[in-house]
Amino acid sequence: MKKPSRTEVIGIASGKGGVGKTTVAVNLAIALQKAGHRVMLFDADLGLANSQIALGCACPYNLTHFMSGQKTLQEITVTSRHGVRLIPGASGVKEMAALSQVQASRIVQAFSALEDEIDYLIVDMAAGISPSVLAFMAACQRRYIVVRDDPSSIADAYGTIKVLIQDYDLNEIYIIPNAVASQAEGQNLFRRINQVCAQFLNYTTHYLGAIEYDDQILAAHRKYEPVMEFAPGSNSARDFKRLAKSIAQMPPTATVSGGMQFFVERLVRFQA
Ligand SMILES: Nc1ncnc2c1ncn2[C@@H]1O[C@H](COP(=O)(O)OP(=O)(O)OP(=O)(O)O)[C@@H](O)[C@H]1O
Ligand SMILES: [Mg+2]
């Protein structure tokens, strides 16, 4: 099985809220972990702490405790039943904007120490395209845009891609259609968005596979469980496993600046 030699950092955004970023982040993390990779999930959503609920974890501490120096990164990290490690974000992420040099180097050091332990770091973004979301997306190596087949989700996904390309000059942008009726409809949605990107941005995005609409996701949500665990035989669990497989088969990004250390260094730089 191919494993990235350095931690591969993946950002998940959508523009529009409630389209399935956290669902994709959490279930993809479990699917990758089940396939033998070591995965860490970073909840970069401000204040809402959704990932821990979706993952079914109780988190006594969060990034705020780490930023203030009360706790180490290891102490705030919780491990799910599936072995996925989670860094609960909460309001601490806001403070990233006003980091002192000392704090910044503490974070860089703490994350760099994880380089050998983690194959994938998945960053679950807040909705919208605030400077904080863009800084996180810019710092990642690969960017996944979750989109539903509705006009406002499509417009927001396109708006997000446009800013990432035009203002941040980023590549490695992938589209994950979510809650679609079939894989064929997912492909079709990708084609429509990609056509607009090619025409107006002179940029083509990549396709990774779609997640079908699945009532089991909602049933799992009500039980505070990820669907990968609640209904492993469901259509969406099948799609998450497929997605994990495509991701694991991707070659490492061309950039030399991979890995944990560069993620945090870039994050600090983009927030400055
Ligand atoms: N493929 C799907 N089929 C059915 N329901 C889904 C699917 N994906 C997500 N949902 C449901 O949609 C709702 C929103 O999902 P989620 O919280 O993952 O979105 P989000 O983009 O992270 O939202 P936010 O912008 O608030 O962070 C949840 O109730 C979730 O269970
Ligand atoms: Mg969310």
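Author: This is a predicted model, with residues numbered from 1 along each chain as its sequence is written; local features need pLDDT of at least 70, and side-chain atom pairs count only at pLDDT 80 or more, while totals for chains, interfaces and linings use all residues. Side-chain values use heavy atoms, leaving out hydrogens and water.

Reader: Which residues in helix 1 meet helix 11?

Author: Contact means heavy atoms within 4.5 Å. Helices are DSSP runs of H or I with at least four residues, strands are runs of E with at least two, and both are numbered from the N terminus. Here T23, V24, N27, L28, A31 and L32 in helix 1 meet F240, K241, L243, A244 and I247 in helix 11. By class, this contact has eight nonpolar, two polar and one charged residues. Nonpolar covers Ala, Val, Leu, Ile, Met, Phe, Trp, Tyr, Cys and Pro; charged covers Asp, Glu, Lys and Arg; the others, Gly among them, are polar.

Reader: How is such a pair described?

Author: Two packed helices are described by the angle between their axes and the distance between the axes. The axes of helix 1 (residues 21-34) and helix 11 (residues 235-249) come within 9 Å and cross at roughly 70°. That makes helix 1 roughly perpendicular to helix 11 (65 to 115 degrees). Axes are lines fitted to C-alpha atoms over the stretch in contact, and angles run from 0 to 180 degrees between N-to-C directions.

Reader: How many helices and strands are in the chain?

Author: The chain has 12 helices and nine strands.

Notes
Chains lettered and ligands numbered in written order. Parallel < 35°, antiparallel > 145°, perpendicular 65-115°, else oblique.
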